Amino acid sequence: MARPKIALIGAGMIGGTLAHMAAMKELGDIILFDIAEGIPEGKALDIAESGPSEGFDVKLKGTQDYADIAGADVCIVTAGVPRKPGMSRDDLLGINLKVMKAVGEGIKANAPDAFVICITNPLDAMVWALREFSGLPHNKVCGMAGVLDSARFRHFLAEEFKVSMRDVTAFVLGGHGDTMVPLTRYSTVAGIPLPDLIKMGWTTQDRLDAIVQRTRDGGAEIVGLLKSGSAYYAPATSAIEMAISYLKDQKRVLPCAAHVDGAYGLDGFYVGVPTVIGAGGIERVIDITLTKDEQAMFNKSVDAVKGLVKACKEIDSTL
Ligand code: TXD
């Protein structure tokens with residue numbers, strides 16, 4: 001049986017890390033695509049040369065040609081431009097929207113059966129745009145943010161409670177970052193919900209609020225430390241977790257930016273929700289009843305994404 005083919009569109013910090021992780025885990029043959037000449041070729045060769053020591057048997061190729069992604073099973077998109085000093089959010093939106101157009105058309109022409117995971121920011125709007133430009137079915141195009149936000153939340157909670165991260169679960173909804181909605185009543189340590197842990201004296205509401213805020217600011221905390229560039233190890237790991245669930249039909253329950261039609265009172269909109277990812281792509285959106293406060297936070301998050309999508313439509317009248 002032929003190996004799966006993984007196409008990574010964008011060979012920057014996250015793209016290179018994705019390639020390394022996908023190779024180490026032998027997920028399939030890897031194509032690294034980027035418009036920057038030499039970068040994808042150099043990274044592909046460098047990772048391939050780690051193969052003999054590591055002992056993985058996958059092929060890696062760097063390219064500037066979309067024809068090389070032909071027949072890809074999974075496409076993970078990190079292509080784009082990060083915000084530079086003096087650049088407004090709209091400037092970034094306009095540039096990355098053009099990038100999504102090129103990438104979407106490339107996927108449509110060469111890998112129309114792929115499961116597509118978008119990582120490029122602003123995430124929720126870019127995944128919507130990528131779906132529009134690629135024309136792929138909604139269940140095959142999603143965005144990575146919730147797995148990362150919940151991983152950050154789990155990490156901070158495990159530190160607070162001094163327990164293994166494996167026994168901490170977290171449930172997040174909504175857009176990426178600032179507008180993330182943590183559902184503390186569904187976040188647990190070995191099944192014990194966080195509100196119960198407060199009652200048990202494991203932590204206080206104030207400390208929990210601070211952890212939620214640190215999670216929302218998780219991306220900015222890393223940017224502040226790195227000074228140039230943003231997080232890439234945990235974002236890459238999160239997308240790999242989603243790709244594995246698709247490739248191996250694991251049916252993991254993972255939060256991601258998915259097309260929500262009917263659930264949460266939405267009619268056809270991309271936003272972060274809990275989903276089931278399996279061989280059918282986004283196989284299910286898990287619709288839960290929210291409390292008044294949670295619904296208010298979720299609506300705020302949806303409104304923020306709606307604003308971005310509206311701005312995209314104004315920039316590109318074909319959308
Ligand atoms: O949770 C999340 N979704 C995120 C998102 C967490 C962290 C970072 N997040 C966003 O991912 C970040 O704001 C960026 O929009 C993307 C990618 O981050 P990365 O750190 O990998 O950015 P780089 O290193 O700048 O890489 C981007 C690459 C770079 O090599 C460019 O040459 C390339 O994208 N690029 C393109 N490739 C293909 N096609 C086009 N048109 C193109 N334009 C730029």
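Which residues are closest to the ligand, and how many surround it? In this model 23 residues surround the ligand, and the closest are Met13, Ile14, Asp34, Ile119 and Met144, where a residue is near a molecule if one of its heavy atoms lies within 4 Å of it. Before I go on, please keep in mind that this is a predicted model, in which local features need pLDDT of at least 70 and side-chain atom pairs count only at pLDDT 80 or more, while totals for chains, interfaces and linings use all residues. Residues are numbered from 1 along each chain as its sequence is written, and side-chain values use heavy atoms, with hydrogens and water left out.

Let me stay with the ligand for a moment. Domain 1, residues 5-144, and domain 2, residues 146-312, both give residues to the shell, so the ligand lies between them; these bounds come from an automatic or database domain assignment. The shell divides into 15 nonpolar, 7 polar and 1 charged residues, where Ala, Val, Leu, Ile, Met, Phe, Trp, Tyr, Cys and Pro count as nonpolar, Asp, Glu, Lys and Arg as charged, and the others, Gly among them, as polar.

As for individual atoms, a nitrogen atom of the ligand lies 3.1 Å from a backbone N or O atom of Ile119. An oxygen atom of the ligand is 3.1 Å from a side-chain N or O atom of Asn121, and for His176, too, a side-chain N or O atom is 3.1 Å from an oxygen atom of the ligand. The protein covers 86% of the 870 Å² of accessible area that the ligand has on its own, as given by the Shrake-Rupley method with a 1.4 Å probe.

Among the buried ones are Ile14, Leu18 and Met21.

Notes. Polar contact = N/O pair within 3.5 Å; in protein donor to acceptor, adjacent residues only side chain to side chain. Buried < 20%, exposed > 50% of the residue type's maximum accessible area, 1.4 Å probe, protein only. Helix = DSSP H or I, 4+ residues; strand = E, 2+ residues; numbered from the N terminus.
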